[in-house]
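Have a look at the model first, then read on.

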Amino acid sequence: MLRRFMVVLALLSLLLAGGFATGQDMYNEAPSLAEMVAAGELPPVDERLPDEPLVIEPVEEIGQYGGTWRAVDNNDSNGWTQMTINAEGFLKWNRDVNGFRPNIVTSWEWNDEATELTVNFRQGIKWSDGDPMTVDDYLFWWNDMVLDENVPVNAPFGTTVRGELMSVEKLDDYTLHFSFPYANPLFMEYKSRGAYHSSIHIVPEHYMRGFHPAYSDAEDATELVNRYNFGSRMHYPDRPTLSAWMTVDYVPSQRLVLDRNPFYWKVDTEGNQLPYIDRLDIEIPQGSATELVALKGIAGELDMQVRDVNLLDVPLVLENQEAGDYRVIMWSRGDYAWPWIIPMYDYPDEGILDLMYTKEFRQAMSHAINRDRINEITSLGLATARQFSLSAESPEFQTPEGQEFYQKWAASYASYDPELAGSLLDGIGVVDADGDGWRDRPDGSALELIVDIPAADTGSIDRMDLVKEDWEAVGLKTVLNIIAWEVVSARHLAGEIMIRAWGSAAAWGLVSAATVWTPIEGVTYSIGGARIGDYYNSGGERGVAPRPGSMLEQLQDAYTELISIVDPEERSAKLLEAYQIHIDEGPITIGTIGEHPSPVIVKNNFRNVQDFGLVAGWDLAFPGTADPEQFFIDQDG
Amino acid sequence: MAAKSNILEVSDLKTHFFTEQGVVPAVDGVSFQIKRGGTLGVLGESGCGKSVTGFSILRLVRPPGEIVAGQIRYYGRDTVNGDDLAQIDATSEEMRQMRGSEIAMVFQEPMTSLDPLFTVGNQIMEAILYHQDVSKAEARKIAIEMLDKVRMPQPREMIKKYPHQLSGGMRQRVMIAMALSCRPKLLIADEPTTALDVTTEAQILELMRELQEELGMAIMFITHDLGVIAEMAEEVAVMYLGKVVEQSDIESLFTDPQHPYTKALMQSIPKVGQKADGRLETIRGMVPSPRNIPTGCPFHPRCASFLQGICDTELPQLKQSKPGHWVSCFLYEDGNAGHSSTPPPAPPQSIGEG
Amino acid sequence: MARYILRRVIAVLPTLFLITIFGFLVMEAPAGDYVTSYIIRQYGHGNTEAARIEDEMRSLLALDRPVYERFVTWIARFAQGDFGDSFDLRDSVRNILSDRIGPTLTISLATFVISWSIGIPLGVYSATHQYSKADNFLTTVTFVGLGLPDFLLALAFLILGWQLTGEVLTGLQSPAFVNQPWSLAMLLDLLKHMLIPVLAVVITGTAWVMRVMRGNLLDQLGRNYIVTLRAKGVPERVIIWKHAVKNSLHPLIAALGQTLAWLINGFTITSIVLELPTIQTVYLNATLQQDVYLAGTILILIGFLVLIGTLLADIMLAWMDPRIRYE
Amino acid sequence: MVATGDTLPDSLVGPDFDAAETAVISVRRLMWLRFKRNRLALIGSVVLVFMYLAAIFAGFIGPYGLRETHEKFPASPPLLPRFVDEEGNFSLRPFVYAMESKVDPATFKRVQTPNTEVKHYLHFFARGTPYTILGFIETDIHLFHVYEPAKVFLLGTDKQGRDLFSRIFYGAQVSLTVGLVGVSLSLIFGTLIGIAGGYFGGLFDDVSQRIIEVLISFPQIPLWLALAALIPPTWSSVQRFFAISIVLSLVNWGGLSRQVRGMVYALREEDYVIAARYASASDWRIITRHLLPNTLSHILVIATISIPAMILGETALSFLGLGIQPPMTSWGLLLNQAQHTRVLIQQPWLLTPALFVVASIISFNFLGDGLRDAADPFAN
Amino acid sequence: MVDEGRVVLKVQNLKKYYPITAGLLRRVVGHVKAVDDVTFSIPERTTLGLVGESGCGKTTAAHTIMRGLEPTGGKVVFHDRQLGAVDLATADKDTLYQVRRNMQMVFQDPNSSLNPRMTLLDLIGEPLLVYKQAKGQELVDRVAELLKHVGLRPEYMRRFPHAFSGGQRQRIGIARALALNPQFIVADEPTSALDVSIQAQTLNLLQDLQDEFSLSYLFIAHDLSVVEHISDFVAVMYVGKLVEHADTRRLYHNPKHPYTEALLSSIPRPDPTTSKRRVPITGELPDPANPPQGCYFHPRCPYAEALCTHEEPPLQEVEPGHYAACHFADKLSLRGVNDF
């Protein structure tokens, strides 16, 4: 209360000092900024804010200014920090992840065919150095970075349709017009995604020019790209930003310190300029982040820690709540499987492929897994045993029909039934032909399932160890091939992997997670194998074709159709139809357990944190989506 | 020989080593005296205990060795009653003061007996500074004087040299200079010339004689070399397996050796200048291991005059066989000559004859 | 002496060059490069988008050039004092190293000084009281010390520290002191944080020094010159400390050659466990991530320090030992 | 001529000769006699013998299999056999109570409640999980065992609910042999090159010395990392195990080779080698009959002394995730899995592998120390 | 001096130099002339004693003769029983193999010259095996025979050297040298490590064996009384060079080189009546890397004159069979061994 009073006092004094210059001093600011304004180092708050600041409604109450938020990020790319502060894209997801809301963009308009789009930007937003933000900042990125061949920045997902680039036209300082060669109805959805879509596409042109080879004496684009790239953009204190906090100090592999952005363009419902919290002090561990989090967390040295809280540490963290003066909020990881077991349909062994393409075989593999045991042992029983069926929070599952569909999919072939598994295998001729105790291929030759797991993914290793036992119990000889991260990619692209086990992930359907349910991209996490995806992506020039008429081909076709459907409801319905292939053809990728809760450590004086959050996905950028600018630290308690 | 008073009287000294394999009686009841300014030669083959005797006097025997009996009476400080060194705590300040200033020692291995990291001057001065109340400059002066005394060429330069820069002979001179720097009353020289060449040996022996004359100290000269002992000693104690088997003045020993061991030793060395084609006399067998000393007279298994039933059962005592000549052998005890079961010893052959 | 040093330097240059080439090759040998490792780490953290910029990154970092070309370019720049940039930390190698050399040396020097100043007297005591109860105790403790990995000790101390003080003493500074000017409180804070790593490493370090010291001193105490010293009445204390200890420092000084490199290369895992801002952790991560220029520079630095260390050790030995000096 | 007849004159044979106990014993035996005197070395070797036996018979000693999980008992504290029941009655035969294990919904901790109505007695030499000894003896007899639903975990379980006591001995199979295999390989490399360089000298010596110099100057950790990363990912656990051993030995052989070379260098000037040369003995003969036997004991010492470094190396590699991989286990891996704050605070029993690491390293150090003294049986 | 036909070994101008290097490039700046122009011959069944102070090059000469060291120059002509005259200095590997049957060496230190890991059977049998002269039971018999020859019990052949005392070990070394029934043995200080009482046994054994096997010895020692006892001829070395060479009697009683005189004068006499009269020479052996100009001995020589300081005296035959390297060999009247 006292603090509030002080703010009012400061405000009053400001009013007195500055006189009623504009006559409409509606906004309040942090005391430290008020001092700077008083000292003439900073323009008054009204001038710093846009014409119509974005009003954020606090989760619990109007906050207090001040305080430092201590947290741990897990490496120098500062992914967590970016998810916290860089969720400032065109649009922003709603706090409950149900749809999106205006952010930098205030409104937009499609033509009926979804090929022409007009986008209006919020007027008067300023970069953290005071320079105004206009659509030129986006155009610089598109024209001088993406389209400039000397700058190694590629056109991101969504800006091309069927291989053809969009075109952009500036209508005025705050309006852009986009044209697409084909229907691209999902464009704005891409632009609403978390930390690495539109939020990094708007670059401070006035600053970046100084590093562009075409406009400066820079020899190449290295410095430019470093200031753009996701992993390094926060390492430059002089780089202007639109985020609530801006970097003031960065010590590699040690610490990242951010202070409030005095030009931040959002206010609370009482007209207080956000953010409330003065400073972020983020420690970058050199070893294991989860261990550091556990140690610092229980010692009460973290104000709010969202990621890197190990599920197995929950009892430890809970036990020390009182001593550390913090609470534990259970957000969800929003993930669908830990691990997901991906059979590769581009494995160069036709005999194996025959089995992989046989749904009974995959069903047997799935039924043989004792998911409850995995849950008990590796996840304290907190997860849910389930099939690979994407995240329950996906938009397409939010209707009653969607929910029903989701439940059906999640339950499909997920029961533990070794006998059924055995009879399924017997039925397709996978029996022990030579009497060595292991089932053999239908042609009688030996069968051995080889599962590649990256060494660092200890969570998957622990779980696959149990899966191996289960599989071996039904007579399927299993080899766990633990390999270094560094080798995975090469083996993927070379098609040397038979089965891949992958750690926790989150996926929300068509926009965020297409690749995991339909093979459309040549990336390592592609369902069915990177080369199957690459085949689709390259229009058949590269990669390996899915077997004709197979479920993989059906999925690819379904995807092609889906992305040009303009009507959202029709699209959702079609999407569920596509998902149905996963049920009809048995699991294509095998799920294990998922939907883990994700403990968030929050100090008791750290406020305005909502109870809901999804931690695993970068698309949704939590806690950024939970509006961290309105978090505050209760200065009295 | 004029009756000189003794500087050191050792009586019934026993120094035993208590090893894991048993007790080694390295010195087992040794008695002798050294006269003021006189020279006692201690003669014996390797393992006879002669060096341990020297170490025992300076109380330098370290565990597992221990003096278990006997007296070491030193008359350097208290000329009447003497001090029994065997009773002084080996680690005491008193004993430390005694070492180097009252009794000094020179060792067999001049190559390894000096600390390689310090100049010889430093090491000589160290000896002086710990015993005499002099300044460093004075100590340095004394060191140079001492080096000059030991006929070190250019002593002012040599004092700055490190041991490895000197030859063996030079190092032995340094050792002697160091030992004599505090004018000790007794010098124990433990095979000081064994590692040296014959010409250097002659030089060092000559030097020691001259210095003894000049400084008047007594010397206990330990060696296995009959030639060296003949040159250096006035009195000789012959040791065998931790015991003195014969003791006399030097002339008597060489002209009339009595113990069969002494006799055999003298006969077994080639006589220089008397080349003969014949074979040398030998002592049969080897010196027994000190862990396994024969019963009775320890020499009896190798003795040419072995008396069955006596020598192998009883321990002979050191007895005066003629004036100034002591021997520990049953042959010289009354009535034993007749028992001889082996041929009687060959008549002692005098060395001096040729 | 100068010629001797010059000859030594010239003799070691080819070795240094070989180390450089070898080091570069070793880093290049594993499958993939920095970009694959970066992308895979991003996957590990849930960022599946990173793969999209794989080619961009590779050409940006010139990783699409052949190995020899990159090596030659780098070495040429290296010779001009430009060590290149770290891929991962996106900073010049020079800056990274200069940031970290201070904390690294603070810990390693403290550790070094403490383990030697404890280890030597204990070793001497142990040797001069051979087979006594204290010696047997110290010997056993030494073996335990040598058997305990320091990183495990560090972890245990960290927890112990937390249980005793309620503070987690990772790193070298409390957040409150970051970027603050020096003050007494800051110094105390630094000392507090140094306690755990130094203690953990000192235990194994001391054990080693003690062991070597004891062995050498025992060897020296059996030498003839010790008897000479005793015979000339030098007090035992002087015999041991002035003569025997000086003579037994030989192998320890020879070990100093390795110690110099150890200063920035030792206790790597401990550094990671304790989040120390040292060169070791940068090095390990750079190697794991195939951040070749950073790792390569540190590697050469280490090689160089081995060379300098050996030289210094030789010079010290010569200074101490006239037998070498007058060679 | 002195003596050509069948009987020799006594004069030529020392009287003490036949009595000397050392008369007929070989150098090896002399070394043993000397070794025996070092009590710590004896203790060390006894401990090691037990450890190696335990490793060989891991399946027999541990009541459960390497990968046998108890799903309701992850990270369970030790469940020890008891002799006294709830009512205070003493039973000579140890027994356990079956435990019911549940996660407390508030604390998320597992709570175990014993069912004190039924005593489950321990069975000795009882049948349990099948296993193989030395790869070919198949059996299912365990030293002790308790039948379901009761459990006995002498050292608790790991986070997967696997009996740590059993796993430690399986881990010993890897940890204790990595050192041996690594050292053997180092020995072969190092000795061959060391002997060749030390004996023949010349260009080979110069080149090998330079290579070793580089190798020795090269910091170990990056070398480990790089070499470990080179191991083909398709290799099985067993192949990987040998590959790790090779990595450890590759990093190690240089120092060993140097020491062997030094010894050979000194030995080749020994009179008996020169004598052999004057007897026209071939280089092969000199190396195999004179040099090798006389360096062997020292080589053995060096080998023994380097084993702890190898064990620590494996631990460090496993710590960094580059060493042994599951489903195999090793002490390093077990420890790696114990490097958690929660383990140190809530599950300290998972740190017991550290005791085994420390004990084995200390034992090897003791052993090496004893061997070092014994290697030179003629000293003193 | 000796009839060529009866000579077993003839050493002519034998040289063994070691380079001294300096500077960065290890330039050779000089040589240590360890053996410099040494010439002597050994008649059959005789013993040549080689004396001199330590460091004078005796042992180097011995190993150079054995071709354990490569000679820098000169000839080593060995009259092999089977091959006739062979120059060992240039002999090839095969020849050396042949010749080494007939020439062997006995070493100074009986501890280091016997491989501690081999039994007597292996040790003594090694030359027989290498020369394929015996194996199996025959080898055992031969070794037994050899052991008896040196006065050791054949039963001990399966024991190890450490079980034997110093004197016995020296016998083992001698037995090994004898194994191939050689003509010639180089004995390098064979008794200097032994106790007095054992030394006599060993010397006697060497003499007995010489008679029985018609051996010739090159007997190296620094103990002049031992050398006198065992040698027929004696050569005196000083800083790598021979300074005097004659039959034993003449050399000991009528030396022609002042250094020999000095050596003889220095012998400690086991006779208290005479021993204290001698006057030892001054100075020490010069550094062989940096020897004095002229006659190497001149700085220590009581008879040195100006000539000696710059001109090196050659080894000349002063009397028939008596060689000395002194400018004034025939003018000086030097004292013999009994004149002190």
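Asp634(A) comes out as buried, at 16% relative accessibility (buried is under 20% relative accessible area, exposed over 50%, partly exposed in between, with a 1.4 Å probe and protein chains only). Keep in mind that this is a predicted model, where local features need pLDDT of at least 70, side-chain atom pairs count only at pLDDT 80 or more, and totals for chains, interfaces and linings use all residues. Residues are numbered from 1 along each chain as its sequence is written, chains are lettered from A and ligands numbered from 1 in the order in which they are written, and side-chain values use heavy atoms, with hydrogens and water left out.

**Asp634(A) and its partner**
- Asp634(A) pairs up with Arg607(A) in a salt bridge, with the closest N and O atoms 3.1 Å apart (the rule: a side-chain nitrogen of Lys or Arg within 4 Å of a carboxyl oxygen of Asp or Glu).
- Arg607(A) is partly exposed, at 23% relative accessibility.

**A pair in chain E**
- Glu189(E) and Lys58(E) form a salt bridge at 3.9 Å, N to O.
- Glu189(E) sits in the loop between strand 7 (184-188) and helix 6 (196-213) of chain E and Lys58(E) in helix 1 (residues 58-65), so the bridge ties together parts 131 residues apart in sequence (helices are DSSP runs of H or I, at least four residues, and strands are runs of E, at least two, numbered from the N terminus).
- Glu189(E) is buried at 8%, and Lys58(E) is buried at 5%.

**The wider picture**
- Shared partners join Glu88(A), Lys92(A), Arg95(A), Arg101(A), Lys266(A), Asp627(A) and Glu629(A) into one salt-bridge network.
- Over all chains, the count comes to 81 salt bridges.
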